[in-house]
Amino acid sequence: MATDQEKHAASKIKGAFVRSPTAFHDIVHAPDTPNVKYTASKGRYHLYYASACPWCHRVLVMIALKGLDESISSSNVEPLFKNMGKPGYIGWEFNDKYPDHLHKESKSVW
């Protein structure tokens, strides 16, 4: 039996965007959690976020609530798209005010 979501899915409309099934369903656990697939080992994960994004704060709150802020490092990117439309523009950027501690420029991340 189809769910309500499946009955009204936009994928039934010709030319509609069809999202692929998600690929990551595992959980990253605290470093001292035994018998799990992934643990938040210090230096293994790094989160890039923009404080202008209304959803990013949720990720940062969860990292703090789960006690992972010592294991998962993060970099805040420039919140304004100052170079949009200019040659070489690639999206999120780092600068002196918003440095990346791992890479010199954002295209090194992608």
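**View 1. Val61, Met62 and Leu65 form a nonpolar surface patch**. This patch covers about 300 Å², an accessible area from the Shrake-Rupley method with a 1.4 Å probe, where for residues only the protein chains shown count as cover. Patch members have over 30% relative accessible area and no salt bridge; nonpolar side chains (Val, Leu, Ile, Met, Phe, Trp, Tyr) are joined within 5 Å, and like charges within 9 Å. A salt bridge is a side-chain nitrogen of Lys or Arg within 4 Å of a carboxyl oxygen of Asp or Glu. The model is predicted: local features need pLDDT of at least 70, side-chain atom pairs count only at pLDDT 80 or more, and totals for chains, interfaces and linings use all residues. Residues are numbered from 1 along each chain as its sequence is written, and side-chain values use heavy atoms, without hydrogens and water.

**View 2. Val61 sits in helix α2**. Helices (H or I, at least four residues) and strands (E, at least two) are DSSP runs, numbered from the N terminus. Is Val61 buried or partly exposed? Val61 counts as partly exposed because its relative accessible area is 40%; buried means under 20%, exposed over 50%, and partly exposed in between (1.4 Å probe, protein chains only).

**View 3. Cys53 lies in the loop between β3 (46-49) and α2 (56-65)**. Cys53 has 24% relative accessibility, so Cys53 is partly exposed. Look for Pro79 too: Cys53 and Pro79 are 26 residues apart in sequence, with 8.0 Å from C-alpha to C-alpha.

**View 4. The protein chain has 2 helices and 4 strands**. Along the sequence, their pattern is α-β-β-β-α-β. Of its 110 residues, 17% are buried.
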